[in-house]
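Hi everyone, thanks for coming.

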Amino acid sequence: MLLTINGSRYEAAPRPGQCLRTYLREAGWFGVKKGCDAGDCGACTVHLDGEPVHSCLIPAFRAEGRAVTTIEGLAGPCHADDGLPDTIHPMQAAFLSAQGFQCGFCTAGIIMTAAALDQGQRRDLGTALKGNLCRCTGYRAIRDAISGIGHAALDYGGGDPVGQSLPAPAALPMVSGRARFTLDMPPDDALHLKVLRSPHANARVVAIDAAAAHAIPGVVAILSHADAPPGRFSTGRHQDPRDDAADARVLDPILRFVGQRVAAVIAETEAAAEAGSRALRVTYQIRPALLDPALALASDAPRVHDPRDEPGTDAPPLGPHPNLAAEVHGEVGDVAAGLAAADIVYADTFLSQRLQHAALETHGCIGWHDPDGRLTLRTSSQVPFLTRDALCELFGLERDAVRVVCGRVGGGFGGKQEMLTEDLVALAVLRTGRPVRWELTRQEQFTATTTRHPMRVTVTVGARRDGTLTAIDLEVLSDTGAYGNHAGGVIHHGCNEVLAAYACPNKRVAGRAVYTHTVPSGAFRGYGLSQTTFALESALDEVARRLGIDPFDLRRRNAIRPGDPMVSSSLEPHDVVFGSYGLDQCLDLVEAALQADPGPEPEPGWRAGTGMAMAMIDTIPPRGHFADARVSLEADATYTVRVGTAEFGNGTSTVHRQIAASALRADPGRVRILAADTDAVGHDTGAYGSTGTVVGGLAVLRAAEALTERIRAQAAEMSGAAVEACRLDGDKIVTPSGPLALAAIGPLAADGYADGSPRSVSFNVQAFRVAVRPETGEVRILRSIHAADAGRVINPMQCRGQVEGGVAQAIGAALYEDVRIDGAGRVITQAFRDYHIPACADVPDTQVLFAETHDSVGPLGAKSMSESPFNPVAAALGNAIRDATGARLTATPFAPDRIYRAVAANLNADGAST
């Protein structure tokens, strides 16, 4: 087949049934991404004879004789192996100027769509971009890019880089399609891996007949539990492996949820691997399944992890109940007495649903042996070092025998704080001796990875007439699914800061995380706080309304202040301090903005309402979070920062470069970042818990400061001046006897280290004004305002984007996202068309405001601000709906049918009372 790709004639016959997306990628055009393979996400958008199309839906043979343009060739003819372009298309330049991306996985497809829009289409971007999804940005920066509104200081004009809106280091590779994500650098001769998954929620594998699969041409190996190491581990990764239950195996004969791995087929082609997995014949012993977490602790409930299945010391230990994965209990003061002394007591139960992270890049991994025989994995992970350590433990390998490296990671949100592909790829490489690649499908991402923990939170709040809280009681039931990865961390975290944020003398919590035969839960943005914050902030709103107190004033009256003890449900000592405090500013900023501009008036027949909520979060996870960094002065007078933190849209590479440049008094353009490679530095716990700035960034700062002193000492020795008289200034060192060129000093290097202690706190306040149509339950957001206590903001443009992205994701979670499971335990939301993540038309612009604080704990006064904006959104939106309709919604998502029924029930109740 002959066609033209990016201006050059190309000839190759497509495989039967091959789509244009895979055809183009096999030709080396890796700017064409796979996000869904169903035409839902637009990450694969290319131009076919000038018209944008989803290449995953176009059979490759239909491109014969036609002209295909990918993101790489948008500005003009090019070749697949070209480097960065000298010129870019105006739309690429617009996205560069607006920094209309975060992780960047969707960016190529959106630019290709945007470049083909006419002026009429640009006036309705919600409709024009309905075929392109972005999980990171919240779309405001994308809309700005298409509208020609720039934000980035593309030309560094001097001064302290910290505080400037500088572009990301990968900005040009991102908009030109030359950034390389996990699977964009496949080794030659790689085998393909596919997995047969369990159709049953609870079953034992009795036998596997692989004869037919072995007979399929191209099948190289088939792996079952008999081929896997016997050791147990947790897919969840923390610094201390004991934080997560070691209850999983690479391949397990006991199947605990629909979608669990049964066997793996490794073949020369993806098609052969798929055919091989379909040809496997498995005999199952099907057993009763536990699907309802409320029944998990009953004496006759099916046991998800039954020690009788795995006799021996390696089985999970027996607790008070075998289905109890984790629990937290505690009380300070006397809650019963506090409730008795209250003038008002409010109690209700709030339900939060499962959510999918829905990162546009699915989990994927490529493994091979390097020339020295080392096992090497290139993977989509937030935790490359912890993954390496887990693989070494699992396969009995030394640390220097395993290397784990990340390319650009296409979104994470906590979902890639797991080891979900690397263990099986490592086993396949060790068994076959050849490179192996494995990329999850979107269906597998929904059915076989992890979700947010669904929770049932019963909250009881007591208060005096003046609004002073007398008692808070939380009873939490968390469904961890089939495995206990993050069960303990989420239940503890979810029950901690939500209580510590309020200076109430009497607090109690009883939290339990239970196993069920459902898809595993895991780490998700907010890590349990979004669920409990929804419950408590909704309850506090109801208390304020019944007492006739402004909700902002109720928070001001009861929120902790510097000098107050930070207490949740225990008086045990901790390392959390007030490094700074910006909650008062956040409350004032949001209240003033809402009063100054409440937004448009609703249409006739719609009711308007406002609502707000607040949240607090510790800036670093507990029990240690470590980062090493090395900053080097190279012979050409540039700098290299080596750090372990993965970049997945969290912006750490931008922040680390600005921190280093600030300390070195250098142009940020002369600072190069090498990240997320276990060969680069000694250790990095990982990019989770919003630690990329406050831990990884602190290590970078300390390394850069140490290098500064080494450079000054070397300059002093060369010039005969005192060290104190020598200072860095761009590409030179100023000395009393004249400037010295940095090139005459290097190479030099210095190391930095951070251990994640002490920890500070950040605050977020969200407000909405909404319109609700009672007859249909529809909701429109008229105004969205968010204030963040982020300390000294390293990059205002980027930090604003993090807040907007968190708010947008949380709006989706509050209004429509829902991982649904049927009566057999199957996830039935298996594609983006079934699982509604926010599209451009769904998300309003959020006004983002920053408190002016300077943290004593974080680097250069900064605090974390990646996951915390998510936490107060559901409560604020529910409170606004309550204000508009009088109906208190106690379960997310706030779907139109739920709103309609709640409003109708409230009207009936009002009628009955009168």
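This is a predicted model: local features need pLDDT of at least 70, side-chain atom pairs count only at pLDDT 80 or more; totals for chains, interfaces and linings use all residues.

D37 sits in the loop between α1 (20-26) and β3 (45-48), and at 37% relative accessibility it counts as partly exposed. Why point these out? Most residues other than glycine have a negative phi, and most peptide bonds are trans.

The one from G746 to P747 is cis, with omega near 0°, and P747 belongs to the loop between β27 (740-741) and β28 (748-754). T892 and P893 are joined by a cis peptide bond as well, with omega about 5°. Look for P893 in the loop between α22 (873-885) and α23 (896-913).

Now for the inside. The largest nonpolar core has 152 residues, and the members touching the most others are F95, I146, V765, F768, F832 and F894. Which helix gives the most to this core? That's α21, residues 796-815, with nine residues. Apart from this core there is another one, of 42 residues, including V631 and I659.

Let's zoom in on F95. Leaving out residues up to four places away in sequence, F95 touches, among others, F101, I110, I142, I146 and V175.

Okay, aromatics. How many aromatic pairs does the structure hold? Eleven. Take F105 and F181: their ring centres are 5.2 Å apart and their planes are at 85°, so we call the pair edge-to-face. This pair links distant parts of the chain, with the two residues 76 apart. F105 is in the loop between α2 (90-98) and α3 (107-115), while F181 is in the loop between α7 (171-176) and β6 (191-197). Both F105 and F181 are buried.

What about disulfides? A disulfide is a covalent bond between the sulfur atoms of two cysteines. Here the count is zero. C840 shows why: the closest cysteine sulfur, in C134, is 9.7 Å from its own sulfur, too far for a bond. C840 is buried, by the way, with a relative accessible area of 3%. C726 counts as buried too, at 1%.

Helix α20, residues 691-719, has 29 residues, and at 1.5 Å a residue they should span 42 Å. In the model the end C-alpha atoms are 40 Å apart, which agrees. Where does α20 bend? At G697, by about 35°.

One last stop, S478, in strand β19 (residues 469-481). S478 has a relative accessible area of 0%, so it's buried. Beyond its neighbours within four places in sequence, S478 is in contact with H453, P454, M455, I491, R512, A513 and V514.

Note on methods. Residues are numbered from 1 along each chain as its sequence is written. Side-chain values use heavy atoms; hydrogens and water are left out. A nonpolar core is a set of buried Ala, Val, Leu, Ile, Met, Phe, Trp, Tyr and Cys residues joined through side-chain atoms within 4.5 Å. Buried means under 20% relative accessible area, exposed over 50%, partly exposed in between (1.4 Å probe, protein chains only). Helices (H or I, at least four residues) and strands (E, at least two) are DSSP runs, numbered from the N terminus. Contact means heavy atoms within 4.5 Å. A disulfide is a pair of cysteine sulfur atoms within 2.5 Å. Rings of Phe, Tyr and Trp (its six-membered ring) pair if their centres lie within 6.5 Å; planes under 30 degrees apart count as stacked, over 60 as edge-to-face and the rest as tilted. The expected span of a helix is 1.5 Å times one less than its number of residues. The bend at a residue is the angle between axes fitted to the seven residues ending there and the seven starting there.
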